Amino acid sequence: MAKMEVKTSLLDNMIGVGDMVLLEPLNEETFINNLKKRFDHSEIYTYIGSVVISVNPYRSLPIYSPEKVEEYRNRNFYELSPHIFALSDEAYRSLRDQDKDQCILITGESGAGKTEASKLVMSYVAAVCGKGAEVNQVKEQLLQSNPVLEAFGNAKTVRNDNSSRFGKYMDIEFDFKGDPLGGVISNYLLEKSRVVKQPRGERNFHVFYQLLSGASEELLNKLKLERDFSRYNYLSLDSAKVNGVDDAANFRTVRNAMQIVGFMDHEAESVLAVVAAVLKLGNIEFKPESRVNGLDESKIKDKNELKEICELTGIDQSVLERAFSFRTVEAKQEKVSTTLNVAQAYYARDALAKNLYSRLFSWLVNRINESIKAQTKVRKKVMGVLDIYGFEIFEDNSFEQFIINYCNEKLQQIFIELTLKEEQEEYIREDIEWTHIDYFNNAIICDLIENNTNGILAMLDEECLRPGTVTDETFLEKLNQVCATHQHFESRMSKCSRFLNDTSLPHSCFRIQHYAGKVLYQVEGFVDKNNDLLYRDLSQAMWKASHALIKSLFPEGNPAKINLKRPPTAGSQFKASVATLMKNLQTKNPNYIRCIKPNDKKAAHIFNEALVCHQIRSGVEVLFNELEIPVEEYSFGRSKIFIRNPRTLFKLEDLRKQRLEDLATLIQKIYRGWKCRTHFLLMKKSQIVIAAWYRRYAQQKRYQQTKSSALVIQSYIRGWKARKILRELKHQKRCKEAVTTIAAYWHGTQVRREYRKFFRANAGKKIYEFTLQRIVQKYFLEMKNKMPSLSPIDKNWPSRPYLFLDSTHKELKRIFHLWRCKKYRDQFTDQQKLIYEEKLEASELFKDKKALYPSSVGQPFQGAYLEINKNPKYKKLKDAIEEKIIIAEVVNKINRANGKSTSRIFLLTNNNLLLADQKSGQIKSEVPLVDVTKVSMSSQNDGFFAVHLKEGSEAASKGDFLFSSDHLIEMATKLYRTTLSQTKQKLNIEISDEFLVQFRQDKVCVKFIQGNQKNGSVPTCKRKNNRLLEVAVP
Ligand SMILES: Nc1ncnc2c1ncn2[C@@H]1O[C@H](COP(=O)(O)OP(=O)(O)O)[C@@H](O)[C@H]1O
Ligand SMILES: [Mg+2]
């Protein structure tokens, strides 16, 4: 066995004996001496096996420092000198490492140090468990719940300046690593009677004093309070100030703690308002007032306090006032109101104050639970810490003590069950030789109290619910009847005669033999306290409060939820909650701390042996029960324990050694277990990591393969599907197109058939005509603007816009020309007309025939060039001619013989052609026009012409005439015209470059030759022979 090095072992430097199991000889005296010796050396902790005994030092010891925490951390229970930290550590590690839920049961009398012990356990666990911001907040909240609950649930009593007036059980929840997650607090039976009345030398709950001393003036004003304890009836005056307690400072601590725990500012203020209301309730006083019917009625003395309470809580003053003076009893259909007398009014007031306060306290616990509850839903490990009032044996024991002692009785029972019974069973299981110990089982006492049919609590409930007059005495009578034969019940009135003469047992009392001793209970107040009656009128008034917290504290006041059944009695409520607690504890691994108080004076260094002896009795019993010593080996004397056989001592020694070995083995076991477990966990973790990576890789590959295959298959299928759809769609499209085409044609036909008659048949033509019309219109309108001048010789004409208008255009041009010519002509006078007719005649005769013609066009035809009338030379000539002269001009007459020319006057009248001498004016020849047959001339540019005469006529005897004149064209034309008008015969005009002329009998040919003349441009005439006359023309 490997020996572990230890610093201060249980045995080294030991004052007395650290573990009572090792005490030799073991009897009550050595036991107490050992405790005292250790206590005197400031060793307040001693073990009895695994139970820790703690003796209250009533002074602060330097044994709770952080260094101490470190010292005890992760060390084995027996390794170091006894300490509450060792037990805490053991419990915590067992919870963390072995996954066992723990409970720490702290018992002891009031003032023995239970609450302190519970706080030490909690702070140790908080110090050693996990760290981190979140965890620290949880811890802080768990720890800070204590000051809040202590302010409201603790009070100064005779035994303890900070006595818990409620039982408390707290489950601290941890996760698998051992980090705290949160907690749940249960409270048991707050001593609410303290709110309205405190025993001599004791105080009300701390919070009242803290509020009055610590609140700011502003807050006090708001709460309508005064900083004067003596103003309040509910605060006993004799111990308002406690030595060493600074209420004001504590008030700040509490406010701060509330904040940490998670109370909103308005919540904290609501809570204080309720506290203030309770305080002020105590100041409401009543006075009797006689009514006409002779009954007494109570009246509120000073309504000011009532008014302020109502203002504070938001209750209608009249409602509350009525609730204090009437009591309404409702049964099925009936509703009866009775007035309250003064005593009843006070009772109602106190009941209200107590209820208000105790409900507030329960609300606080719930509110704290809400804040500290574990946030996660993971599986939790639990460490429960039970700090509950110890066994109470006072001079006057009432209902409260009865209840408390019942609870302790139950705890004892669970202690027995969990330790002794279980161990015995284990030994049997392990086949270890074991002589059965007949330990005292207190189940019978529990049964006396809690039995459902004839237990004391059941009797009490029955009595409370019974109709008729019910008093504490009737209850006691009933007990006397039912429980008389019970061996742990004693009563003077019982029929059992053995107590008839017992003067220590008053008539109004009953006595119970508890496991820890006999307790005498005063029956007075049992019924009332069990009923815990609050008149419905009051709860309904409270429910009407506008103060949300107060309203929520009295849900039964809601008329909608009226419940005619009585609420459960205090006793049965407590029984039920104790049962739950026991059930809870049974599932956990117990750890015991037994607190002992060394004196009744709250003083340090004083060890009152008698007092301690009284307290340890049950402890010693435990010790012997724990050791596997056959029962016949020892027995209890009055103050001594007898051990029969010395062998037992050796056995004890052996056991001690064995125990040390066991310890080492345990250490080894735990260490090896730990090592293997860590190694295993590491391997497991690695294996998981590797497996995860490999699986991931394999899955990835498989996934990729599957994915690509799936893709290929998908693509084929999709392709196939798409093609199918495409075919289908194409087909559909073709069908659609065909249908559309058919439909279109069909519609076309239909429409055409339908509408042809309206427009189609003539539309083209009409449109064509219209268009044409428009074009033509446009054409004409444009033409109008583009017209050329009216001058007939103007050659301009606008261009043709359209080919199809070609003929029109030309026609138009022609018409226009004709029109303008006509216009032009219309301006002419008759004379002019004649001239133009003449000119026209000339044109018809000579144009394109005679080269001379063009030169004549510009010359006006004057006719009478010689003005015979005016010239006196020609007087005779003029006289000779009676007719009108048409031509009078000088011409050259060509001599027929030689071709020489002589000037003659050529005269033409209407009927005659005359030739006269130019000088004398003597008429040489006269030819009637009827005798002129023909006129010949060349086509050349010359003025020669021949006048042919009729053969055989008088004039023709000399032959035809040959002339040359500058006005040939005019003369020939006039001759022609005159002949035509006179003879109605057309004069023959021959145009030829060779013609025959009759000279006397001879016919002479006149021939025109071009360009062969001698003297320039003047034509010359020459007789070549008798047959030819040549004329040379230019
Ligand atoms: N371990 C301790 N160290 C110092 N003083 C203690 C210790 N335990 C208790 N006390 C003192 O005793 C008083 C009463 O203790 P408390 O735990 O309130 O008793 P209980 O809860 O058992 O009624 C405390 O206020 C404190 O002064
Ligand atoms: Mg306490």
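Tutor: Start with a term. Two strands count as paired if DSSP finds at least two bridges between them. Keep in mind that this is a predicted model.

Now take strand β28, residues 1002-1010, and strand β30, residues 1028-1033. They pair in the parallel sense, over 6 bridges. One of these links can be picked out by residue: Ile1009 has Ala1032 in β30 as its bridge partner. In general, strands of a sheet pair through backbone hydrogen bonds, either parallel or antiparallel.

Step back to the whole sheet. It is open and has 4 strands, in the order β27-β28-β30-β29. The pairing is mixed. The edges belong to β27 (994-999) and β29 (1020-1023). Each of these has a single partner strand, so one side of each is left without a neighbour in the sheet. Neighbouring strands are turned against each other by 25° on average, direction ignored.

Next, compare how helices pack elsewhere in the chain. Two packed helices are described by the angle between their axes and the distance between the axes.

Take helix α4 (residues 114-128) and helix α5 (residues 133-153). Their angle is about 165°, and their axes lie 10 Å apart. Angles over 145 degrees count as roughly antiparallel, so α4 is roughly antiparallel to α5. The crossing of α4 past α5 is left-handed. From α4, the contact uses Thr115, Lys119, Met122, Ser123 and Ala126. From α5, it uses Lys139, Leu142, Leu143, Asn146 and Glu150. By type, the residues of this α4 and α5 contact are 4 nonpolar, 3 polar and 3 charged.

A second pair is helix α11 (residues 303-313) with helix α12 (residues 317-325). Here the angle is about 125° and the axes are 9 Å apart. That makes α11 oblique to α12. The crossing of α11 past α12 is right-handed. Lys303, Leu306, Lys307, Ile309 and Cys310 in α11 meet Gln317, Leu320, Glu321 and Phe324 in α12. The residues of the α11 and α12 contact divide into 5 nonpolar, 1 polar and 3 charged.

Last, the setting. The protein has 28 helices and 30 strands. Its radius of gyration is 80 Å, well over the 31 Å that the globule rule gives for 1034 residues, so the protein is more spread out than a compact globule. Along the principal axes, the C-alpha atoms fill a box of roughly 230 × 95 × 60 Å.

Notes
Residues are numbered from 1 along each chain as its sequence is written. Chains are lettered from A and ligands numbered from 1 in the order in which they are written. This is a predicted model: local features need pLDDT of at least 70, side-chain atom pairs count only at pLDDT 80 or more; totals for chains, interfaces and linings use all residues. Side-chain values use heavy atoms; hydrogens and water are left out. Axes are lines fitted to C-alpha atoms, for helices over the stretch in contact, and angles run from 0 to 180 degrees between N-to-C directions. Helices (H or I, at least four residues) and strands (E, at least two) are DSSP runs, numbered from the N terminus. Angles under 35 degrees count as roughly parallel, over 145 as roughly antiparallel, 65 to 115 as roughly perpendicular and the rest as oblique. A crossing is left-handed if the near helix is turned anticlockwise from the far one by less than a right angle, and right-handed if clockwise. Contact means heavy atoms within 4.5 Å. Ala, Val, Leu, Ile, Met, Phe, Trp, Tyr, Cys and Pro count as nonpolar, Asp, Glu, Lys and Arg as charged, and the others, Gly among them, as polar. The radius of gyration is taken over C-alpha atoms; the globule rule is 2.2 Å times the number of residues to the power 0.38.
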